[in-house]
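Please open the model in a viewer and keep the selection panel at hand. The stops below proceed helix by helix.

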Amino acid sequence: MRRRGPKLEPVVLSDDERAVLGRWMRRANSAQSLALRARIVLACAGSAVPPIIGVARELRVAPDTVRKWRRRFLADRLDGLIDEPRPGRPPTIAAEEVEAVVVATLEEIPKNATHWSRTSMAARSGLSKSTIGRIWRKFQLKPHLTGTFKLSTDPLFVEKVYDVVGLYFNPPEGAVVLCVDEKSQSQALDRSQPVLPMMPGMPERRTHDYVRNGLTTLFAAFDVATGEVIGSLHRRHRAAEFKKFLIKIDKQVPAHLDVHLICDNYGTHKTPAIRAWLERHPRFHMHFTPTGSSWINQVERWFGFLADQMIRRGAHKNVQALEADIRAWIKNWNADPKPFIWTKTAEEILDSLARFCQRISGAGH
């Protein structure tokens with residue numbers, strides 16, 4: 001008979017405790033460790049007694065972590081979730097002063113700037129600049145840095161995610177799946193003076209100014225199974241050029257295979273001329289990514305390799321030189337192609353997005 005563990009004491013919360021835990025979990029000025037402890041206690045609370053393993057899997061933490069904070073809460077309630085004092089010299093800065101700096105950093109904006117500096121926060125708080133730096137490092141606050149994000153407003157976002165990710169994990173039999181896009185307005189840039197090569201103890205140096213020598217557009221189709229790329233260069237970026245690229249794909253993909261194309265919602269992909277061409281070639285099937293979600297198209301990652309390894313630091317005196325380098329780079333890639341391994345399921349993507357939306361919706365509360 002399987003041995004059962006000790007019966008768990010249920011976690012019962014008062015309304016006040018539930019409200020405090022909710023604030024700790026949502027507020028932007030809560031330390032991430034405290035927010036996690038609040039989530040653990042809330043997950044353990046309820047009419048039934050959820051198993052330790054179930055809570056650990058739900059929150060993606062170790063079972064021992066759940067046991068520890070569950071036990072601490074039952075023993076000391078909310079106070080048990082606060083870090084115990086460390087041995088050694090007591091801090092010279094009061095906890096209230098630290099909290100005031102953290103809250104001001106997260107929830108206030110200085111009068112004459114868009115973000116806090118150590119100097120301006122020191123002047124506001126009366127603490128030294130080095131103390132402000134230590135507090136920010138402790139709470140992983142970096143006011144000088146900013147990131148970007150964009151949430152898709154596509155009403156068919158969920159359906160499109162399932163469609164595209166489904167092709168990555170379960171491609172149709174007797175078919176090839178190609179991620180298609182255009183790297184438009186790739187500039188042939190040359191420096192105003194010769195590039196100085198790298199030397200021991202000195203990086204490569206180049207002038208900050210440059211000369212524009214024209215533009216080209218790369219149409220690319222990335223085979224998700226093999227990593228091979230079909231590429232085509234054109235000076236313009238219209239439906240006419242996209243149609244030429246489709247014809248090239250049609251010639252290079254064996255006739256017995258269906259062709260599933262994953263592409264974005266750019267207008268050149270949906271013109272009457274393109275739709276008419278697709279109707280005459282029924283083996284082609286179009287799959288559109290959600291609006292504003294280029295990250296789900298694998299060819300974008302391949303474009304990143306191309307830009308980093310050849311375009312960004314290249315020097316080209318004319319468009320022909322740039323196009324020759326791009327063709328050579330693609331040929332070299334196809335000599336040893338490497339497919340990308342997609343790991344996120346549609347459910348994981350949508351769960352992650354839901355958590356992010358919950359986090360930003362509660363950031364001001």
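Select R77 first: this residue comes just after α4 and takes a positive phi of about 55°. The model is a predicted one, in which local features need pLDDT of at least 70, side-chain atom pairs count only at pLDDT 80 or more, and totals for chains, interfaces and linings use all residues. Residues are numbered from 1 along each chain as its sequence is written, and side-chain values use heavy atoms, with hydrogens and water left out.

Next, select helix α4, residues 63-76. Helices here are DSSP runs of H or I with at least four residues, numbered from the N terminus. The expected span of a helix is 1.5 Å times one less than its number of residues; for the 14 residues of α4 this gives 20 Å, which agrees with the 20 Å between its end C-alpha atoms.

Within α4, colour V66, W69, R70, R72 and F73, which are buried (under 20% relative accessible area, whereas exposed means over 50% and partly exposed lies in between, with a 1.4 Å probe and protein chains only). Viewed down the axis of α4, its buried residues fall within an arc of 165°, so they line one face of the helix; the arc is that of the directions from the helix axis to the C-beta atoms. On the other side of α4, D64, R71 and A75 are exposed.

The buried residues of α4 pack against α1 (15-26), α2 (32-44) and α3 (52-59), contact meaning heavy atoms within 4.5 Å.

Move to α3 and select I52, V55, A56 and L59, its buried residues. Down the axis of α3 these fall within an arc of 100°, so they line one face of the helix. They pack against α2 and α4, while R57 and E58 are exposed on the other side of α3. R60 follows α3 and has a positive phi, near 60°.

Show α2 together with α3. Their axes come within 10 Å and cross at roughly 135° (axes are lines fitted to C-alpha atoms, for helices over the stretch in contact, and angles run from 0 to 180 degrees between N-to-C directions). The two helices are therefore oblique to each other. Select R39, I40, A43 and C44 in α2, which meet V55, E58 and L59 in α3.

Finally, display α1 with α2: the axes come within 8 Å and cross at roughly 140°. The contact is made by R18, L21, G22, W24 and M25 of α1 and L34, A35, A38, R39, V41 and L42 of α2.

Notes: Angles under 35 degrees count as roughly parallel, over 145 as roughly antiparallel, 65 to 115 as roughly perpendicular and the rest as oblique.
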